[in-house]
Amino acid sequence: MSADQASQGATAQTASPAVGGLPCSVDELRTLFLFEKLTDDQLAWLCERGRVIEAESGMVIVEGEPAELFVILLEGEVSVIKRVQGVDVEISRTDHRGVYGGAWNAYLGDRVPQTYPQSLRAVRPARFFVLDADQFSFLMRDWFPMAVHLLEGLFFGLRNLQETVGQRERLLALGALSAGLTHELNNPAAAAVRATAGLRERVAGMRHKLSLIADGLYDKAVLSTLIRLQEEAAERVAKAPTLSPLEASDREDELGDWFDEHSIDFGWDVAPVFVQAGLDIGWLDQVAELVGGEHLSSAVRWLGYTVETELLMNEIEDSTTRVSTLVGAAKQYSQLDRAPFQTVDIHDLLKSTLVMLGRKIGDGIQVVKDFDRTLAPIAVYAAELNQVWTNLIDNAVSAMGGTGTLTLRTWGDDESITVEIGDTGPGIPADVVGRIFEPFFTTKPVGEGTGLGLDISWRIVVNKHHGDLRVVSSVPGDTRFQVSLPRAQPTPLGPPV
């Protein structure tokens with residue numbers, strides 16, 4: 001139906017009001033910047049299908065409710081309100097005639113959520129021209145088909161671009177994390193392989209000693225003493241103190257001299273092993289007293305095999321535990337086999353992200369964890385929050401150039417939890433700090449950033465968790481981002497942002 005068809009018999013300057021509305025003036029609509037180019041017939045069509053309403057101070061439309069009305073201010077003053085952490089925050093305030101809100105994207109149909117993106121509140125008594133969402137959608141498509149096509153292309157094109165580049169950024173991040181994880185896994189795995197090879201040699205040596213025992217080299221009393229000393233040596237390995245390199249070197253010299261004094265020619269080979277196991281000269285004197293001169297050399301060799309075996313098994317245990325820890329951190333980070341929306345300890349997410357980024361953080365950056373361990377678990381989209389921590393920590397590490405201090409703090413109360421991530425880099429320039437959450441905006445050199453990391457993080461925190469992400473400080477030596485998450489989370493939404 002065209003505008004001319006729709007307006008037949010409705011060309012009077014004042015149309016009859018719609019149900020529940022006040023008289024609508026074509027002349028008044030013509031004074032609004034939105035309608036200044038419309039014909040009399042089109043203005044009459046608007047008056048016929050729309051209505052004028054008066055509102056006292058208070059909410060006119062409410063964020064999150066079904067978008068049923070397209071609202072235009074005729075007279076009065078309004079404020080635009082966005083809900084952040086369950087609190088209504090005023091974004092702007094105006095008395096400019098013609099400002100609009102509500103179902104402004106109704107012409108996009110069911111391809112986008114048709115809910116109010118923010119609230120509109122009348123600051124003082126006001127009048128509005130109101131058009132139902134389906135009428136506004138018809139108007140746009142019938143009167144401005146080319147503009148609708150352009151707007152649709154812009155809206156969905158930008159959204160598809162964000163999704164495509166966002167997926168690319170996720171893949172790049174995943175590749176970097178995979179490379180770091182592979183490197184971290186390689187070290188303990190290689191250590192376990194080396195220890196296993198050494199253990200094989202020591203077990204072979206012990207088998208040889210067992211054959212000597214079987215030949216009757218030791219009498220029963222000596223053999224019993226050796227077994228007791230063997231058990232005692234194994235116990236000492238578990239309780240061995242940690243020595244500095246200088247302390248270890250001094251003790252090796254002392255043991256080497258003791259072995260020389262007792263004519264044990266391989267003593268300098270086993271001295272480092274005995275020192276690592278916490279065995280000292282006093283213990284060796286007891287061995288010499290119990291075993292006797294002719295069996296001392298064989299006893300030391302036998303005990304050396306025992307100690308080395310224990311040390312190698314400890315090394316294998318440490319290495320495999322490290323591998324298991326890394327795999328556990330990777331699983332925690334990816335939230336593999338877990339529900340998207342779940343109740344978690346926020347510190348577990350932060351720690352798993354630090355493990356995954358360990359290689360990139362490097363040795364030049366000191367990590368300070370100031371965690372409030374009394375915080376109760378919180379219901380969140382865990383895997384997506386890990387992406388937020390990844391983006392913020394990665395940016396902080398890049399800003400510091402490999403040297404500095406990365407600080408993670410947490411605190412909260414019954415209403416919310418706050419995570420702060422700070423670095424000692426040069427800070428964000430004052431002229432761009434207000435744009436860092438814009439899509440495709442980046443301060444990194446060309447080729448090093450897509451400009452979507454903070455945009456994705458903002459959408460995960462604000463849109464999906466109804467929280468807040470902001471910069472609270474950005475000066476040289478002190479840049480801090482804060483993520484606030486409300487404990488009262490909405491019903492789980494759809495697919496990830």
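A residue counts as buried when its relative accessible area is under 20%, as exposed when that value is over 50%, and as partly exposed in between. The structure described here is a predicted model. C24 lies in strand β2 (residues 24-25) and C47 in helix α3, so the link ties together parts that are 23 residues apart in sequence. The angle about the S-S bond is -65°, and the link of C24 and C47 is left-handed. The count of disulfides comes to 1.

The chain as a whole can be described next. Its secondary structure comes to 14 helices and 15 strands. Of the 497 residues in the chain, 43% are buried. The accessible surface comes to about 25500 Å², and carbon and sulfur atoms account for 54% of that area. Among contacts between residues at least 6 apart in sequence, 75% join residues at least 24 apart.

One part of the surface is a nonpolar patch. It is formed by F33, L34, Y100 and W104, which together have about 370 Å² of accessible area. L34 is placed in the loop between α2 (26-30) and α3 (40-49). With a relative accessible area of 33%, L34 is partly exposed, because its value falls between the 20% and 50% limits.

Helix α9 shows how burial can be arranged along a helix. In this helix, which spans residues 281-291, W283, L284, V287 and V291 are buried. Seen down the axis of α9, its buried residues fall within an arc of 100°, so they line one face of the helix.

Helix α10 (residues 293-334) holds E308. The relative accessibility of E308 is 18%, so this glutamate counts as buried. Leaving out residues up to four places away in sequence, E308 touches R202 and V273.

The charged side chains come next. Side chains of opposite charge can pair when their charged atoms come close. The whole structure has 14 salt bridges. One of them joins the side chains of R124 and E77, at 3.4 Å from N to O. This pair links distant parts of the chain, with R124 in strand β8 (residues 119-132) and E77 in strand β5 (residues 69-84), 47 residues apart. The two partners fall in separate accessibility classes: R124 is partly exposed at 38% relative accessibility, whereas E77 is buried at 19%.

A second salt bridge is formed within a helix. The side chains of D348 and K351 meet at 4.0 Å, N to O. Because they are 3 residues apart in helix α11 (residues 346-356), D348 and K351 are separated by about one helical turn. D348 is partly exposed at 31% relative accessibility, and K351 is partly exposed with a relative accessible area of 31%.

E420 has a relative accessibility of 4% and counts as buried, whereas R480 has 24% and counts as partly exposed. Both residues belong to a network of salt bridges that links D370, R409, E420, D478 and R480.

A240 is placed between α6 (220-238) and α7 (245-261), in the loop that joins them. At 24% relative accessibility, A240 counts as partly exposed. A240 and A277 are 37 residues apart in sequence, while their C-alpha atoms are 5.4 Å apart in space. Leaving aside neighbours within four places in sequence, A240 is in contact with Q276, A277 and G278.

Note on methods. Residues are numbered from 1 along each chain as its sequence is written. This is a predicted model: local features need pLDDT of at least 70, side-chain atom pairs count only at pLDDT 80 or more; totals for chains, interfaces and linings use all residues. Side-chain values use heavy atoms; hydrogens and water are left out. Helices (H or I, at least four residues) and strands (E, at least two) are DSSP runs, numbered from the N terminus. Buried means under 20% relative accessible area, exposed over 50%, partly exposed in between (1.4 Å probe, protein chains only). Contact means heavy atoms within 4.5 Å. Accessible areas come from the Shrake-Rupley method with a 1.4 Å probe; for residues, only the protein chains shown count as cover. Patches are made of residues with over 30% relative accessible area and no salt bridge: like charges are joined within 9 Å, nonpolar side chains (Val, Leu, Ile, Met, Phe, Trp, Tyr) within 5 Å. A disulfide is a pair of cysteine sulfur atoms within 2.5 Å. The arc is that of the directions from the helix axis to the C-beta atoms.
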